[in-house]
Amino acid sequence: KKSFARKKMRLSNGIINASAKRSRYYINLSTARVSSSSFLSNITVHTRAEKNANLILLGIISASSALTISMFHNSDPSHNGILSHTTKCDSSDILGLGKITKEPATGIMFPQLCNGMTFAGCGVRVKWGIIKVYAVGTYVDPIAMSAVKKQGEQGITKALLDPHYPRTIRIVMNRNLSIDKYAKVIIEALEPRMNGEDLEKLEEFKNTIPPVDLIDGAEIEMTIRGDTMLYKNSTGGIGHIKSAVFCRALCDVYYGSDAVSPAHRDDVIKGTGGL
């Protein structure tokens, strides 16, 4: 009986020990899972924190740039904005204010800032009534426009036709287009508006256009300040045309009564009034 009792006790102790070992295993496994989960959670939080920090940093940089730009404001509106030989319209501007605008007909996006100027409106250039060639947007200096916007649509239109009010015209292609056709179309739009003056500037302008066909998504920027047009072509090269006649004609191409994109002109007038 004593021998049987001892065997029974050893068996019970073995079951208890085995159960304890299993419990410890489950506890350790559970702890490992919790630890792993916490570790992964920490990684996720750390990554998001880094992303947020980067976004905040970009925002500070963009805001600082905008503040610096406003400090260079001059009583002559043609000198307002950023320095005349720089051009910048990229993703840091988008992140800076956290706002982008989609051109409705093409879906092409426009950032809030470009070359230190503020987005006013956009539209589409349509050929033959059905072909959406490119989206076009305008960026203006809100300080220069602060007085004229109170004058309503007529006052804003008059200012847009005056090259002394700085602006950037940003074009984003919605389809492929040969560079020869692009050059021909824009020259044909400019020439009659120049009334026979400074026509040699048209050839000069053609020389700023590289012999590279435009592809879907290609970007072009034309920044007008007084008698100077700074041209950034689709390859990133920069040239300039100095002619009050040329700049005035270019303004009429995009903001006149016979603008190449009435939708763009009208949206810019409306947007400028709301700045």
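The side chains of Thr 138 and His 264 are joined by a polar contact of 2.7 Å. This pair belongs to a predicted model, in which the protein chain has eight helices and nine strands. Of the 275 residues in the protein chain, 38% are buried. Among contacts between residues at least 6 apart in sequence, 64% join residues at least 24 apart.

- Thr 138 is part of strand S5, which covers residues 131–140.
- Thr 138 counts as buried because its relative accessibility is 0%, and the cut-off for buried is under 20%.

- Is Lys 132 buried or partly exposed? Its relative accessibility is 36%, so Lys 132 counts as partly exposed.
- Lys 132 and Ala 105 are 27 residues apart in sequence, and their C-alpha atoms are 7.9 Å apart in space.
- Ala 105 is also in contact with Lys 132, as are Thr 106, Val 124, Arg 125, Asn 174 and Arg 175, once neighbours within four places in sequence are left aside.

**Tyr 254 in helix H7**

- Tyr 254 sits in helix H7, which runs over residues 244–255.
- The relative accessible area of Tyr 254 is 2%, so Tyr 254 is buried.
- A polar contact of 3.2 Å links the side chain of Tyr 254 to the side chain of Tyr 134.
- With neighbours within four places in sequence left aside, the residues in contact with Tyr 254 are Tyr 134, Val 136, Ile 169, Ile 171, Met 222, Ala 259, Val 260, His 264 and Arg 265.
- Tyr 254 and Ala 189 are 65 residues apart in sequence, with 9.9 Å between their C-alpha atoms.

**Helices H5 and H6**

- Ile 187 lies in helix H5, and Leu 202 is found in helix H6.
- Ile 187 counts as buried because its relative accessibility is 12%.
- Leu 202 counts as buried because its relative accessibility is 6%.
- How far apart are Leu 202 and Ile 187 in space, C-alpha to C-alpha? The distance is 6.7 Å, and the two residues are 15 residues apart in sequence.
- The C-alpha atoms of Ile 187 and Glu 203 are separated by 8.9 Å, and these residues are 16 residues apart along the chain.
- Leaving aside neighbours within four places in sequence, Ile 187 is in contact with Leu 202, Phe 205 and Lys 206.
- On the same terms, Leu 202 is in contact with Ile 187, Leu 190, Glu 191, Met 194 and Phe 246.

**Two loop residues with positive phi**

- Asp 198 lies in the loop between helix H5 (179–190) and helix H6 (200–206).
- Phi of Asp 198 is near 50°, a positive value in a residue other than glycine.
- Asp 198 counts as partly exposed because its relative accessibility is 29%.
- Asn 115 lies in the loop between strand S3 (113–114) and strand S4 (117–127).
- For Asn 115, which is not glycine, phi is also positive, near 55°.
- Asn 115 has a relative accessible area of 1%, so Asn 115 is buried.

**Packing of helices H4 and H8**

- Helix H4 (residues 152–160) and helix H8 (residues 262–273) pack at an angle of about 115°, and their axes are 10 Å apart.
- This angle makes H4 roughly perpendicular to H8.
- H4 and H8 form a right-handed crossing.
- From H4, the contact is made by Glu 153, Ile 156, Thr 157 and Leu 160; from H8, by Val 268, Ile 269, Thr 272 and Gly 273.
- By type, the residues of this contact are four nonpolar, three polar and one charged.

How values were computed: Residues numbered from 1 in each chain as written. Predicted model: local features only at pLDDT ≥ 70, side-chain atom pairs only at ≥ 80, totals over all residues. Heavy atoms only, no water. Helix = DSSP H or I, 4+ residues; strand = E, 2+ residues; numbered from the N terminus. Buried < 20%, exposed > 50% of the residue type's maximum accessible area, 1.4 Å probe, protein only. Polar contact = N/O pair within 3.5 Å; in protein donor to acceptor, adjacent residues only side chain to side chain. Axes fitted to C-alpha atoms, helices over the stretch in contact; angles between N-to-C directions. Parallel < 35°, antiparallel > 145°, perpendicular 65-115°, else oblique. Left-handed = near helix turned anticlockwise from the far one by under 90°. Contact = heavy atoms within 4.5 Å. Nonpolar A, V, L, I, M, F, W, Y, C, P; charged D, E, K, R; others polar.
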